Amino acid sequence: MLKRVVNQVEQRPVARDKQATARRESIEIAGVHVKAGTRQSIDIPLPSFYTHSSASIPIHVVHGRQPGPCLLVSAALHGDELNGVEIVRRLLAHKQIDKIKGTLIAIPVVNVFGFVSKSRYLPDRRDLNRSFPGSETGSLAARLANIIMTEVIPHCTHIIDLHTGAVHRENLPQIRAMLSDAPVTEGMARAFGVPVILNSELLEGTFRMAASNHDIPVLLYEGGEALRFDEFAIRAGLNGVLRVMSHLDMRRKSRKTSPVNCLIANASQWLRAQQSGILRSLVATGTQVEEGDVLAYINDPLGENSEQLISPVSGIVIGKTNLPLVFEGEAIFNIARYEAADEISDHIEAYQEEHHPLTDNSDSDEPPLV
Ligand SMILES: [Zn+2]
């Protein structure tokens, strides 16, 4: 059993609301009580490093004065996926966060051990996102998963889990969620506002599966590449979280929040290298492609034996490798299949413009990361 030593940060009051009704109960996480109308950082203790240095999961709780949903926004379940960490930082600095109804629990770094070693995995080489719901006596990954499931999940009514593509692999901002017979999840997914939603099944051992077993709707956001900050994916992710908070009535709807046309794809397909070689990619993420289009060439270093990489389907490129050195069999492009792909490609263009630092007309005062 872990000793629950908690570093408390002084409670800060959040904005007073004259219409506040009966006093809300405080929320308790890892033995720390956060009073209604305050916000607080909490460290949830983890097994220590073998250096004897202590380890903990940093959490910030904004417990609004008025009742409402309890939204968890988590990031870096895969320790090398960094965009979500910056999305959480911007979310907590957002000027409206002090005024929310309900509760926001933000965890910028779930997989603290992977984050320290800049790795997707835990030191025991397990994938935390295949180790849920975990157990108190299992592997390090299982114990970490269990801490999230016992300390945090019982409070949550909705979850947004922030991810990126793998190392050298970039994803177009997209939502993955299981939408069949899940109107609440679908409402959140549409509210998030990305043009591309992938209706995807739940895998055993994932955080999504564990939360769904508790009937908590979960969105998984994917955007950008591991070990990199991507300003577009960060802006899109932050905007999406804020839009979902408006949809859940946790914050006022912004007048600038225009509805985004999104299409739901039920399948995506990886296009793999037919031969090893140097890859010359011709399409970016977000590009609409037709069956039979040439998406890339692969040649040897002398420029001989050049082969075309041809799209087997029509759809939108939602993921691609950024490393031009490929082995035969390597996944190069992920294509979401759409019957009406041309309908969505205009929306993607408008969306990219909306979240580009030069054309973004939101009132963000965050300087763009370059
Ligand atoms: Zn991930």
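Visitor: How many Å separate the centres of domain 1 and domain 2?
Guide: 32 Å, taken over C-alpha atoms. This is a predicted model, where local features need pLDDT of at least 70 and side-chain atom pairs count only at pLDDT 80 or more, while totals for chains, interfaces and linings use all residues. Residues are numbered from 1 along each chain as its sequence is written.

Visitor: Where are the two domains in the protein chain?
Guide: Domain 1 is 12-263 and domain 2 is 267-339; such bounds come from an automatic or database domain assignment.

Visitor: How many residues are in contact between them?
Guide: 11 residues of domain 1 are in contact with 12 residues of domain 2. Contact here puts the C-beta atoms, placed from the backbone, within 7 Å.

Visitor: Which elements give two or more residues to the domain 1 side?
Guide: Strand E9 (169-177) and strand E10 (196-199). E9 gives the largest share, 5 residues. Strands (E, at least two residues) and helices (H or I, at least four) are DSSP runs, numbered from the N terminus.

Visitor: Changing topic, how many helices and strands in the protein chain?
Guide: 7 helices and 20 strands. The radius of gyration is 21 Å, close to the 21 Å the globule rule gives for 370 residues, so the chain is as compact as a globular protein of that length. The radius is taken over C-alpha atoms, and the rule is 2.2 Å times the number of residues to the power 0.38.

Visitor: What box do the C-alpha atoms fill?
Guide: Roughly 70 × 50 × 40 Å, along the principal axes.

Note on methods: Contact = placed C-beta atoms within 7 Å.
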